[in-house]
Amino acid sequence: MRLKGKVALITGAGTGIGQATALIFAEEGADVVAANLELPEAEETAEAIRKTGRRAVVIAADISKPEEIHAMVDRAINAFGGIDILVNNAGVGALNVPTFEIRDMEAWNKVFEINVAAAFLCCQRVGHWMRTHGGGKIVNVTSITGIAGVPYVNAYGPSKAAMINMTRSLAVEWAKYKINVNCVAPCWTRTRRLEKAIEKGVVSLAEIQKRCPMGRPAEPEDVAKAILFLASDDASFITGITLPVDGGWLAYGYQTV
Ligand SMILES: NC(=O)c1ccc[n+]([C@@H]2O[C@H](COP(=O)([O-])OP(=O)(O)OC[C@H]3O[C@@H](n4cnc5c(N)ncnc54)[C@H](O)[C@@H]3O)[C@@H](O)[C@H]2O)c1
């Protein structure tokens with residue numbers, strides 16, 4: 001059991017990567033605070049966690065509102081007496097359109113508000129607690145679009161790149177407090193986000209299979225296992241990194257024959 005006796009706060013824990021992470025954390029011995037925008041989804045995750053014998057509480061929070069982040073973190077700390085692990089998983093992807101067609105800066109700002117500012121505030125609030133209680137582990141869920149240039153995602157990609165640099169900055173600033181801060185960077189992952197994109201015809205599964213050297217999108221569990229590693233004591237001397245979980249996607253340049 002790699003997280004025995006630990007308490008984890010996971011945002012966006014009701015679906016996809018967040019839900020898979022919550023379940024794998026519980027199987028490894030952690031109690032989990034499952035935060036989510038929609039309460040019923042988080043309840044489903046909590047029910048599955050309790051079946052493993054671990055404790056779970058759910059919190060509904062809209063992390064685009066700083067006051068809801070503060071209340072969420074305070075409630076999480078009160079629930080199980082502290083937070084050892086924070087996973088900033090909640091995120092939004094929008095504006096899948098050519099850059100010249102982006103007119104709605106409100107929507108553009110919203111992507112940054114959730115993917116960057118909210119993650120920053122969660123790190124700050126939880127980091128403050130960790131600093132005064134012997135340290136902890138923070139894992140931020142970014143994306144390979146924050147590393148490679150990808151057309152038509154000119155809000156999401158830059159927001160995920162900002163998350164990567166924020167992670168490095170926090171890692172070096174907080175190393176002295178024994179707070180490790182790292183990122184995982186998934187490629188396309190088989191969650192409802194991908195299913196919806198395929199349904200809308202924005203994304204082709206065949207193209208993903210062709211582009212990814214391992215011939216498939218990631219499964220939520222592939223990403224959850226990498227998050228588990230970075231959240232565990234196995235990664236105690238690792239901080240400030242971004243670990244791609246991409247089946248070789250970023251390693252692959254371009255095949256001309
Ligand atoms: N699925 C992919 O292909 C993929 C690829 C790379 C990175 N990611 C990243 O992984 C993370 C999880 O994505 P997923 O695919 O599991 O998607 P998802 O849509 O299943 O999960 C996103 C979660 O974010 C939460 N969320 C959104 N806005 C929120 C808000 N205002 N307040 C609180 N919570 C909010 C939702 O409740 C949801 O649970 C995201 O950060 C995403 O950017 C996903």
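Tutor: A residue is buried if 20 or more other C-beta atoms lie within 10 Å of its own. The model discussed here is predicted.

Student: Is N89 buried or exposed?
Tutor: N89 sits in the loop between β4 (85-88) and α4. It has 27 C-beta neighbours inside 10 Å, and the cut-off for burial is 20 or more. N89 therefore counts as buried.

Student: Which residues are closest to the ligand?
Tutor: The shell around the ligand divides into eleven nonpolar, 14 polar and four charged residues. In total, 29 residues surround the ligand. The closest are G12, T15, G16, G91 and T191.

Student: Which helices each supply at least two residues of the shell around the ligand?
Tutor: The shell around the ligand has 29 residues. At least two of the shell residues come from each of two helices, α1 (16-27) and α6 (192-200).

Student: How is α1 oriented relative to α2?
Tutor: Two packed helices are described by the angle between their axes and the distance between the axes. For α1 and helix α2 (residues 39-51), the axes come within 9 Å and cross at roughly 20 degrees. Angles under 35 degrees count as roughly parallel. That makes α1 and α2 roughly parallel.

Student: How do the residues of the contact of α1 with α2 divide into nonpolar, polar and charged?
Tutor: The crossing of α1 past α2 is right-handed. Q19, A22, L23 and A26 of α1 make the contact with T45, A48 and I49 of α2. The residues of this contact divide into five nonpolar, two polar and no charged.

Student: Are α1 and α8 oblique or parallel to each other?
Tutor: α1 and helix α8 (residues 220-231) pack with their axes 8 Å apart, at an angle of about 55 degrees. Angles under 35 degrees count as roughly parallel, and 65 to 115 as roughly perpendicular. The two helices, α1 and α8, are therefore oblique.

Student: How many residues of the contact of α1 with α8 are charged?
Tutor: α1 passes α8 in a right-handed crossing. On α1 the contact is made by G16, I17, A20, T21, I24 and F25, and on α8 by P220, E221, V223, A224, K225, I227 and L228. Nine of the contact residues are nonpolar and two are polar, and the number charged is two.

Student: How many residues of the contact of α3 with α4 are nonpolar?
Tutor: The axes of helix α3 (residues 66-80) and helix α4 (residues 105-131) come within 10 Å and cross at roughly 35 degrees, and the crossing is right-handed. P66, I69, H70, V73 and I77 in α3 meet A118, L121, C122, R125, V126 and W129 in α4. One of the contact residues is polar and one is charged, and the number nonpolar is nine.

Student: Is C183 buried or exposed?
Tutor: C183 belongs to strand β6 (residues 179-186). Leaving aside its neighbours within four places in sequence, C183 is in contact with N140, T142, M163, I164, T167, T242 and L243. Because 29 C-beta neighbours lie inside 10 Å, C183 counts as buried.

Student: What is the phi of Y152?
Tutor: Most residues other than glycine have a negative phi. Y152 lies in the loop between β5 (136-141) and α5 (156-174), and it counts as partly exposed with 14 C-beta neighbours inside 10 Å. Its phi has a positive value, near 70 degrees.

Student: What is the phi of K178?
Tutor: K178 lies in the loop between α5 and β6. With 15 C-beta neighbours inside 10 Å, K178 counts as partly exposed. K178 is not a glycine, and it has a positive phi of about 60 degrees.

Student: How far apart in space are G135 and I179, C-alpha to C-alpha?
Tutor: G135 is in the loop between α4 and β5 and is partly exposed, with 17 other C-beta atoms within 10 Å. Apart from neighbours within four places in sequence, its contacts are M130, Y177, K178 and I179. G135 and I179 are 44 residues apart in sequence, and their C-alpha separation is 4.7 Å.

Terms used. Residues numbered from 1 in each chain as written. Predicted model: local features only at pLDDT ≥ 70, side-chain atom pairs only at ≥ 80, totals over all residues. Near = placed C-beta within 6 Å. Helix = DSSP H or I, 4+ residues; strand = E, 2+ residues; numbered from the N terminus. Nonpolar A, V, L, I, M, F, W, Y, C, P; charged D, E, K, R; others polar. Axes fitted to C-alpha atoms, helices over the stretch in contact; angles between N-to-C directions. Parallel < 35°, antiparallel > 145°, perpendicular 65-115°, else oblique. Left-handed = near helix turned anticlockwise from the far one by under 90°. Contact = placed C-beta atoms within 7 Å. Buried ≥ 20, exposed ≤ 12 C-beta atoms within 10 Å, placed from the backbone.
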